[in-house]
Amino acid sequence: MKQLYLLVFIVFSSLLNAQSQFELAYYLPKDVTYNQDIPTPQSILGFDVGEWHVTHDKLVEYMKLLSTVSNRITIEERGKTFEDRPLILLTVTSPENHSTIESIRTQHLKLIDYKQSNQLDLESIPIVVYQGFSIHGNEPSGSNSSLILAYYLAAAEGEGIEELLKNAIILLDPSFNPDGLQRFAYWANTNKSNFLNTDPNDREFNEVWPGGRTNHYWFDMNRDWLPVQLPESRARIETYNNWMPNILTDHHEMGTNSTFFFQPGVQSRVHPLTPKMNQELTKEIGNYHAKALDNIGSLYFTEERYDDYYYGKGSTFPDINGGIGILFEQASSRGHAQETDNGLLTFPFTIRNQFTTALSTLKAAQKMRVKLLQYQKEFYVNEHNENEKNKVKAIVFGDDKDIAKTNHLAEILQRHKIVFNRLNNDLTVERKHFKKETSYIIPTNQTKSTIMKAMFEKRTTFSDSLFYDISAWTFPLAFNLDYAELNTTQNIGEVVRGVKFKNGEVTVKSNYAYLMEWHEYYSPKALNKILQKGIRAKLALQPFVLNNEQFDYGTILIPVQNQNFNESELYDIINDIALTSQVKITGVNSGLTLGIDLGSSYFKTIEKQKVALLVGNEITSYDSGEIWHLFDQRYEMNITKLDLEYLKNVDISEYTTIIMPSTKVKLDEATINKLMTWVKDGGTIIGYKNAVKWLSTNKFIELEFESSKVDAKNVSFEQKEDFKEAQDIAGAIFDTKLDRSHPINFGYKNDNLAMFRKTTIFIKADSSSYNNPIKYTKTPLLSGYISKPNLEILKNSVPFQVKSLDKGKVVVFTDNTNFRGFWYGTNKLLMNAVFFSKFM
């Protein structure tokens, strides 16, 4: 009987404790009074914070309400996500500061101007803190804690909050990833049991593919701070540059069985461009977090696992902008309450830790305000001094055959407020030719020189062989642009105020034929529109000269005769396609050329394509999303997403191409045979990374692989995991040699191409050289880290192969040609595989 009473008491106590966790008092500081006129989150949500997962629409509704009732808060909508959700930002400060907010902002920006910063009185300048939450949508404790934070900042009373708001401008970004947050909230809420089931095996804690981590196109947005390819990132970066905050916080979650992490991370893996003082200040701020978490009894760790190397992450991006980035990682409940190695982990507990460190950040900012302002000021003074000594005075980049790709890199520079100019004259450097109309030049002595260096540098030596993310991201290599460093400024022309994309054109109306070179980035978009209109188009397998104009491999021929449109109708359609695709289409009135004539059999008819993309469990969602985004957003091409769950029931005969992103999936024999039959009947299957091994294992393509085996000598048990990770290729850039006569390389004007690799799958070159149109060079490493054994194997191996399977083709890439949406330079390889595989 006593045991029964004890059990009832324990259960009752647990329920009382769980219930008390939902109350505001569980989260808020105890020594503060609150304005009763400020509505609580519960008054809008209809439930207490932590009881359910907040959806983005309710989050926005509450934040908007606060902005109407509190004179401490204003709200702005900075854009929309792909799913049309608003990207909101709260600016929180004292009413007095709000009345002169623009003056405060412009004064703050003088800190980054070495000419004006010495005139500033730092004692009188508010510190700027940018607090952002849940960039990964299924890490929701951050966004849910922003409800508590916003309430606290609006409702707290007393000398402490008044002093904070007087001396700080708080930029509160409650949801970095609205689409992902909404997706995950739906999952967690619809799978919640009335009597909470804390078994980790429950469906609540095991999302369906692709999960809520990513945005609409399945991008990891915490890798996009530097590339700025997504609308959410563009809004964030514009806010960042408008304010240049002193601290930026990035609230995340990690594995359920962990505790809590705050920076600094691993000190041996800090990027060399980050000043040492940055890490010292980060550690000092960390002391405030430690004290705050100690006070509530929460376990934590620091200076391990996470690093500050890749500048495309939210916590690292400020490090090259004179600020301090802080990463928080909270063990995730992945639902409402879950059993873990550390006991029962509740959703409210995770929210409280995030809120607690949000407050400790503000406390650190307040106490360290002048020191952090001084650091930002000195960062840009030191930067200017280094620029004065720098022998590299400018960087020029461009591509006279592909102005669209050049402009897209220029757009990124513009988003980061990097100053760049036109060339004042054509220029030749290191046998590279730069035309003033199709090139840009960046002066290195400017305010944003450090971030510019981070984007353009190549680095191959490192103090550590481990990386939390990639080890290289050199932007001109990613864009496959010619570029060169200059030791003079004499070629700098007028400043570029806005990037203007070249209008497409048809040079002249023709009664014979039209020609479109394949070099421009958007030529696949134009070709697809042409084919979708039912217009016949042909591919030139060899170059030729017509009317003194050189036409390269891959030129598209559109005959005027025997089309479904008359001469005028065809011209109107072609002209509209040229304009909307930003390409030049040349009208010609003769088929006689120097080289292959336009009626030659070396012109091959191109089929209209219908492309499918395999998605679902066991397929990498990032890679899938990058391909979907490329087709949908860039090339405006339909791509049908076929889930592996129902693939066996789909009639795939209508598709010309099926793309298989990286996967280790095990399909049933019937589905494998179905795919095999489809290829043999004329289909093209394109496999990436691990899918290469899958296609080889299942006899779609015969390949010979190479691998390295490194013995662990003098490696201790403690070091074994680091040793294993050092054998991976975390993400580096390598040089390849192209056979430009092969259709996979049509549209490339140079004989070399930089490729991004994040895999240790090595394909041995074919014995016939013509079957190796893309081959790693003898000295392939351009930028990033690779172990010596892996480098030796990589030399002269191949990242691409294509082989026939009866009437069809099997195409494989070991490397990701679409990495994170900013690897523009290799996108065309995929499009060549889609449109031209029949001719390979």
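Mentor: Two strands count as paired if DSSP finds at least two bridges between them, and strands (E, at least two residues), like helices (H or I, at least four), are DSSP runs numbered from the N terminus. Here, 3 bridges join strand β22 (residues 544-546) to β23, and the two run antiparallel. The model is predicted, so local features need pLDDT of at least 70 and side-chain atom pairs count only at pLDDT 80 or more, while totals for chains, interfaces and linings use all residues. Residues are numbered from 1 along each chain as its sequence is written, and side-chain values use heavy atoms, with hydrogens and water left out.

Trainee: Which residue is the bridge partner of Leu546 in β23, and in what order do the 3 strands of the open sheet lie?

Mentor: Strands of a sheet pair through backbone hydrogen bonds, either parallel or antiparallel. Leu546 has Glu549 as its bridge partner. The order is β23-β22-β26, with antiparallel pairing.

Trainee: Now a helix. How many residues of α14 are buried?

Mentor: An α-helix has 3.6 residues a turn, so residues three or four places apart point the same way. "Buried" is under 20% relative accessible area, exposed is over 50%, and partly exposed is in between (1.4 Å probe, protein chains only). In α14, 11 of the 13 residues are buried, so the helix is largely enclosed by the rest of the structure. Among the buried ones are Ile403, Lys405, His408, Leu413 and Arg415. They pack (contact: heavy atoms within 4.5 Å) against α10 (231-243), β12 (394-398), β16 (439-443), α15 (449-456) and α16 (475-478). After α14 comes Lys417, with a positive phi near 60°.

Trainee: How many aromatic pairs does the model have, and which parts does the pair of Tyr521 and Tyr824 tie together?

Mentor: Rings of Phe, Tyr and Trp (its six-membered ring) pair if their centres lie within 6.5 Å; planes under 30 degrees apart are stacked, over 60 edge-to-face, and the rest tilted. That rule gives 49 aromatic pairs. Take Tyr521 and Tyr824: their ring centres are 5.0 Å apart and the planes stand at 45°, so this pair is tilted. Tyr521 is in the loop between β20 (513-516) and α17 (523-532), and Tyr824 is in the loop between β38 (808-813) and α24 (827-836), so the pair ties together parts 303 residues apart in sequence. Tyr521 is buried at 2%, and Tyr824 is buried at 4%. Elsewhere, ring pairs link Tyr309, Tyr310, Tyr311, Phe462, Trp473 and Tyr785 into a cluster.

Trainee: Where does the charged end of Lys525 sit?

Mentor: A charge sits over a ring if NZ of Lys or CZ of Arg is within 6 Å of the ring centre and within 35 degrees of the ring normal. The end of Lys525 is over the ring of Tyr522, 5.6 Å from its centre. Lys641 lies over the face of Trp628, at 4.1 Å from the ring centre.

Trainee: Last one: is Asn816 buried or exposed, and which side chain does its own side chain join in a polar contact?

Mentor: A polar contact is a pair of N or O atoms within 3.5 Å; within protein, one must be able to donate a hydrogen and the other to accept it, and residues adjacent in sequence count only if both atoms are side-chain atoms. Asn816, in the loop between β38 and α24, is buried at 8% relative accessible area. Its side chain joins that of Glu626 at 2.9 Å, and the side chain of Asn816 also reaches the backbone nitrogen of Asn818 at 2.8 Å.
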